[in-house]
Amino acid sequence: MKTPQTAIAALMTAAASALIFSTPASAQETTETVPTNTEAEPMPADAEAAAQTDPYLWLEEVEGEEALAWVKSQNERTLEDLQTGDMYERYYEDALDVLQSDERIPYGTIRDGWVYNFWQDATNVRGLWRRTPLESYATENPDWETIVDFDELAEEEGKNWVYKGANCFKPEDGEKWLCMVSLSDGGKDAVIQREFDLETKSFVEGGFETTEAKQGVAWVDYDTLLIATDWGEGTTTASGYPYIVKRWKRGTPLEEAIEIARGDETDVGVWPMAMELEDGRILQGAVEADTFFTSTYWWLPDGETELVKWPIPAKSTPEGVYQGNFMLSLQEDWSPAEGEDFKSGDLVAFDVDTFLETRELPPVSLVFSPDETQAVNGVAIADGAALLSINQNVVGKVLKLEPGEDGWTTSEIELPGTGQAGIAFADKDADTVFLNYEDFLTPDSLLRYDVATGEVSSLKSLPEKFDTEGLAVEQHFATSTDGTKIPYFIIHKEDMPLDGTTPTLLYGYGGFQVSMNPSYSAVRGRLWLEQGGAYVLANIRGGGEFGPEWHQAGLKGKRQIIYDDFISVGEDLIARGVTSTDHLGIMGGSNGGLLMGVMLTQRPDLWDAVVIQVPLLDMLRYHLLLAGASWVDEYGDPDVPEERAFLETISPYNNFNAETEYPTPFFVTSTKDDRVHPGHARKMAKLFEEAGKPFFYYENVDGGHSAAANQKETARRSALEYTYLHRKLFGDGE
């Protein structure tokens, strides 16, 4: 079951994953952080006062004339520098060759015997939405049928359409397959949605259609949608998301939709939810995201007007219904009744029909309890099977779940190796499940799991896209400041000398319970590993690699431990002789961009290159910018004095010191990013400019939070970043 809570989390993490180039990490010996900004003036006591003393607020005007003129000048300066010489062009062509290659797995969704896929290449820059029969999909050259050509659509309508997915309704007999297609102008989170007929391959004339907003819809039946959107002034939260859900009937104006659920402005957002049970019944309701990590789930019984609250913890995630069991994963300890004690990270279940009949919580059973090396990633329901995806020491595994008289049992599904395994597709009405497997040196494989036989077969696999000969992958552990062992992966040449000379790129994220797992990146392989560089992925706290506690160890005022973890990995790499400060670079995006900003200001002595992608940097005003208010549960609230006091110690923008010697950073952001405000990167770069310190800055005018709206833009961004990294860390002047 896909719930709006998952969508809320994705709003922060999805684009960050587009910027991820690595996996796990560790820590070892560390030293105290270098104090910064010791000569700075006292900071204002609240956001309003801070705004009055901030000379660069004009850079927060996203489309402001003066701000865009500054952006243009910085872009021109950076491009003129980094695109000089033949390295950039070689890197760009290599990245584009990978990104637009036809040798990619066309991951898809099965609907009524057809596999649907979104595809981009050199010809189809904005992409094709297409389909092929399942039998054809299994062949080497599937017979694809185009449903929508988004390049043609964009040209016809004069828009820079970016496809953001389709929410489809499974019809009853005699009905059509209908989908709400999401389109973003330039890659923003805000979208329009249009009803599409899969049979006629056309948008429905006079069908459901919305105006641009951050919004969500859920199908109730052929003629009914639940929708949460911007209903006008005063109907969105401080985070910019909707908090009113309405029922919209076909053939009626959106303005006449009937309200079924309402939160308030202090929520992160309220989203529609339609849960389909195994017998086809649809439970309609809403998810009220009270904070980023806590939600209240509501059910609206048919024919009634009063919502019924699901009796589950605020920190839990519904995972689906299997054989009548409503399953949920816990992010907090829970004792629903005497003798029922479950811990954070457990997967539990109860009888859904008993709840629907009594409207009270039935007895709860334990489905799976991870050990200290494991974490639950999620559950997928297929026709005849429930599958559980877990991490074990940051390596992916897939288990089959089965209820019995003596409780739940698990059996492991055999996979081809030790890397990242996940469930690419499963649906309660399909007995075919797609599994994905990859690791740092092994390209993606798409596996087919047959529920009836339990067999796993290779459906599609990719050829190697970079030279892996002579490369090795190792997992090490560093020790953080509190003694915790922090894992990290390193990919390097087998004959790497331990003399501190290897150019090394260290990647991290550390937030929102997002796990960094082994992944295959041909762009990283060609532009970094083939050149002789080493790549390191740090599994620092704040992520989800070892369950909710690994994440919660770094929330709000405890966040410094996340940064200590990352520093300890960097120091461990130097202590082991892998690299040295002159050859060590770091990279991170979104929340990882904040990590990079903190590393820049707290330990400028430890690295010589810092790539800061779509970052948060002004942590005293972040909650006032775009979706920032939704993240106060992660970072803390600048308007709460004790939480602000901690944020003052880490905020990169507020801890910049003109007297400090910093490595030359590279800021990357996007004008169309309507999630993390481009003002963060702009203002921090402006501090460097005013202090006369070197820096690079590139702001893509399109692309949203991924900083790229198509593959050419992604290739350009990658080529710029790796050209910068090579120049800084290889020390050969190229």
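Which residues do ring pairs link into a cluster?

1. In this predicted model, the cluster held together by ring pairs consists of Tyr 116, Phe 118, Trp 129, Phe 150, Tyr 163, Phe 196 and Phe 203. For the structure as a whole, the count of aromatic pairs comes to 41.

2. One of these aromatic pairs brings together Phe 208 and Trp 248, whose ring centres are 4.8 Å apart and whose planes meet at 65°, so the arrangement is edge-to-face. Because Phe 208 belongs to the loop between strand E9 (202-203) and strand E10 (216-221), while Trp 248 belongs to strand E12 (residues 244-249), the pair ties together parts that are 40 residues apart in sequence. Phe 208 is buried at 3% relative accessibility, and Trp 248 is likewise buried, with a relative accessible area of 4%. A further pair is formed by Trp 334 and Phe 342, with ring centres 6.5 Å apart and planes at 40°, so this pair is classed as tilted. Here Trp 334 counts as buried at 12% relative accessibility, and Phe 342 is buried with a relative accessible area of 10%.

3. Turning to charged side chains, a search of the whole structure gives 40 salt bridges. Among them is the contact between Glu 60 and Arg 621, with an N to O distance of 2.7 Å. This pair links distant parts of the chain, since Glu 60 is in the loop between helix H2 (47-53) and helix H3 (65-82), Arg 621 is in the loop between strand E37 (609-613) and helix H12 (632-635), and the two are 561 residues apart. Both Glu 60 and Arg 621 are buried.

4. Arg 131 deserves a point of its own, as its side chain meets that of Glu 145 in a salt bridge (3.1 Å, N to O). Arg 131 is in strand E4 (residues 128-133) and Glu 145 in strand E5 (residues 145-149), so that the pair links parts of the chain 14 residues apart. The two partners can be told apart by accessibility: Arg 131 counts as buried because its value is 9%, under the 20% cut-off, whereas Glu 145, at 22%, counts as partly exposed. Arg 131 also lies over the face of Trp 114, at 4.6 Å from the ring centre. Elsewhere, the charged end of Lys 246 sits over the ring of Trp 231, 4.2 Å from its centre.

5. Asp 197 and Lys 176 form another salt bridge, with an N to O distance of 3.0 Å. Asp 197 is in strand E8 (residues 192-197), and Lys 176 is in the loop between strand E6 (161-169) and strand E7 (178-185), which places the partners 21 residues apart. Asp 197 counts as buried at 5% relative accessibility, while Lys 176, at 30%, counts as partly exposed. Salt bridges that share partners also join Asp 54, Glu 60, Asp 618, Arg 621 and Lys 683 into one network.

6. Finally, where does Gln 331 lie, and which residues does Gln 331 touch? Gln 331 is in the loop between strand E19 (325-330) and strand E20 (334-337), and this residue is buried, with a relative accessible area of 15%. Leaving aside residues up to four places away in sequence, Gln 331 touches Lys 315, Ser 316, Thr 317, Ser 344, Gln 513, Pro 548 and Gln 552.

Methods: Residues numbered from 1 in each chain as written. Predicted model: local features only at pLDDT ≥ 70, side-chain atom pairs only at ≥ 80, totals over all residues. Heavy atoms only, no water. Helix = DSSP H or I, 4+ residues; strand = E, 2+ residues; numbered from the N terminus. Buried < 20%, exposed > 50% of the residue type's maximum accessible area, 1.4 Å probe, protein only. Contact = heavy atoms within 4.5 Å. Salt bridge = Lys/Arg side-chain N within 4 Å of Asp/Glu carboxyl O. Phe/Tyr/Trp six-rings, centres within 6.5 Å; stacked < 30°, edge-to-face > 60°. Lys NZ or Arg CZ within 6 Å of the ring centre and 35° of its normal.
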